[in-house]
Amino acid sequence: MVFALKRILGSIFYFSVFVTCFSCSKVRNAQRAGAAGVIIADNMCLCSDSDCVSANAGKELTCQTAEPIMADDGSGADISVPSFLMFKSDADLVKAELLANHMVQIEMQWALPRPDDRVEYDLWSVPSDVMSREFLKSFKPYAVALGEHAYFTPNQYIYDGIRSHCQGSDGMNMCFNLCTNNGRYCATDPDNDLDKGISGADVVKESLRRICIWKHYGESDGIGREWWDYVAEFQHRCDSPDYFMHDDCIKDVYKHSKVDGAVIDRCMRDSGGLETDATNSFLELALGSQTQRGVVVLPTAFVNNVALRGALSPSAVFGAICSGFLDGTEPQICQQCQKCGNQDECIKTSHCSGAASSDSVSKHTFVFSLFMITAAFSLAAFYHWKKTREDMRDQVRGILAEYMPLEDQGDGEMTQGSPMDFARQGGSAGLIS
């Protein structure tokens with residue numbers, strides 16, 4: 001879609017400059033003012049953009065090493081208009097045209113890289129994250145239906161305790177029960193109570209457990225049926241302060257998800273464990289990956305290395321995955337279910353109920369609807385014709401009844417007969433005999 005871009009508040013688009021205000025606040029304010037979309041212009045150059053830096057030399061603006069990330073800060077549930085962030089070098093060109101009172105058109109387009117016939121997607125979350133629970137509980141049928149056409153990688157977000165100064169100069173843990181390995185790997189306290197409930201160290205331990213389960217039950221095929229089952233069973237049985245780290249509860253989850261607990265426990269120990277002041281190979285990989293990805297918001301899903309913004313739902317992620325295939329290589333499940341009105345049922349049965357989709361109807365439904373409409377109009381027309389005919393007869397009889405026909409008595413004298421008798425004859429006799 002192509003929209004006109006104007007600089008004034010309340011126009012089709014609101015052109016804003018990125019300063020200290022959160023992007024959610026900017027977009028919300030523009031939406032309330034009547035904007036149908038928002039373009040936010042960065043006011044600082046990227047340090048890697050030498051042309052931009054040189055063009056702005058001498059101004060009181062320092063460069064930035066990375067572009068700011070526009071993401072929901074947790075308050076954007078009421079925002080429904082699209083928004084984009086422009087590099088300063090691009091935004092300056094647009095602003096120059098606007099200042100010259102020239103009309104500017106900008107095309108807003110959402111696109112994913114489509115390199116081949118297999119889509120890679122991954123999720124960043126933590127075991128205590130509330131926002132990703134429904135997705136983790138519901139997405140397994142989608143992952144299984146996509147099969148070998150898509151490769152999934154779950155990632156656990158870990159805080160670097162060294163960079164957060166949770167490990168003192170003497171190697172001691174300065175963040176108490178928020179960290180493991182003497183302050184090396186940390187997580188926030190889910191219930192904000194350091195004295196009871198689930199601790200940050202408990203979250204780190206569960207994160208390592210899920211990493212090991214994926215290594216043994218999902219990394220080879222990119223589907224990980226047992227991993228999905230474990231997460232769903234854990235949410236059902238152990239996702240509470242009393243059972244989060246209860247050994248018997250974890251064993252029960254292993255049993256119901258068909259995961260070999262002994263193999264997973266050995267994996268957690270062999271990777272470096274969580275007790276001593278030593279590095280854990282899997283957690284170190286997690287720290288490196290999240291830095292490389294630039295993950296700052298949880299949960300975050302990536303499809304073909306592109307971050308998805310907005311609500312994390314099975315239908316949204318499935319739609320993004322289906323949009324990431326090279327033209328002509330989309331799997332059958334995408335063709336059948338991507339636009340289906342009842343997507344969950346379609347995924348489970350590989351068939352859209354009634355072949356209906358969100359923007360089309362089946363041939364059977366169309367023919368039946370057309371027949372019912374035609375029948376309804378035919379009945380209405382017949383009723384109208386019949387009623388009109390009866391009304392016309394009544395009117396004719398009423399008119400004829402107003403006349404007094406004369407009858408011949410045989411002596412040449414015309415006598416007056418009953419008008420109703422004449423009407424009942426249907427007008428077969430003349431008014432004058």
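Where is the place of Asn-280? I found Asn-280 in the loop between α9 (261-270) and α10. Helices (H or I, at least four residues) are DSSP runs, as are strands (E, at least two), numbered from the N terminus.

I note that this is a predicted model, where local features need pLDDT of at least 70, side-chain atom pairs count only at pLDDT 80 or more, and totals for chains, interfaces and linings use all residues. Residues are numbered from 1 along each chain as its sequence is written, and side-chain values use heavy atoms, with hydrogens and water left out.

**Asn-280**

I looked up its burial. Asn-280 has a relative accessible area of 0% and is buried (under 20% relative accessible area, 1.4 Å probe, protein chains only). I then checked polar contacts (N or O pairs within 3.5 Å, one able to donate a hydrogen and the other to accept it; residues adjacent in sequence count only if both atoms are side-chain atoms). The Asn-280 side chain makes one with the side chain of Ser-271, at 3.0 Å. The Asn-280 side chain also reaches the backbone nitrogen of Phe-282 at 3.1 Å. Leaving out residues up to four places away in sequence, Asn-280 touches Tyr-185, Leu-208, Met-268, Ser-271, Gly-272 and Gly-273 (heavy atoms within 4.5 Å).

**Whole chain**

I counted 15 helices and 14 strands in the protein chain. Of its 433 residues, 37% count as buried. Among contacts between residues at least 6 apart in sequence, 61% join residues at least 24 apart.

Definitions and conventions
Buried < 20%, exposed > 50% of the residue type's maximum accessible area, 1.4 Å probe, protein only.
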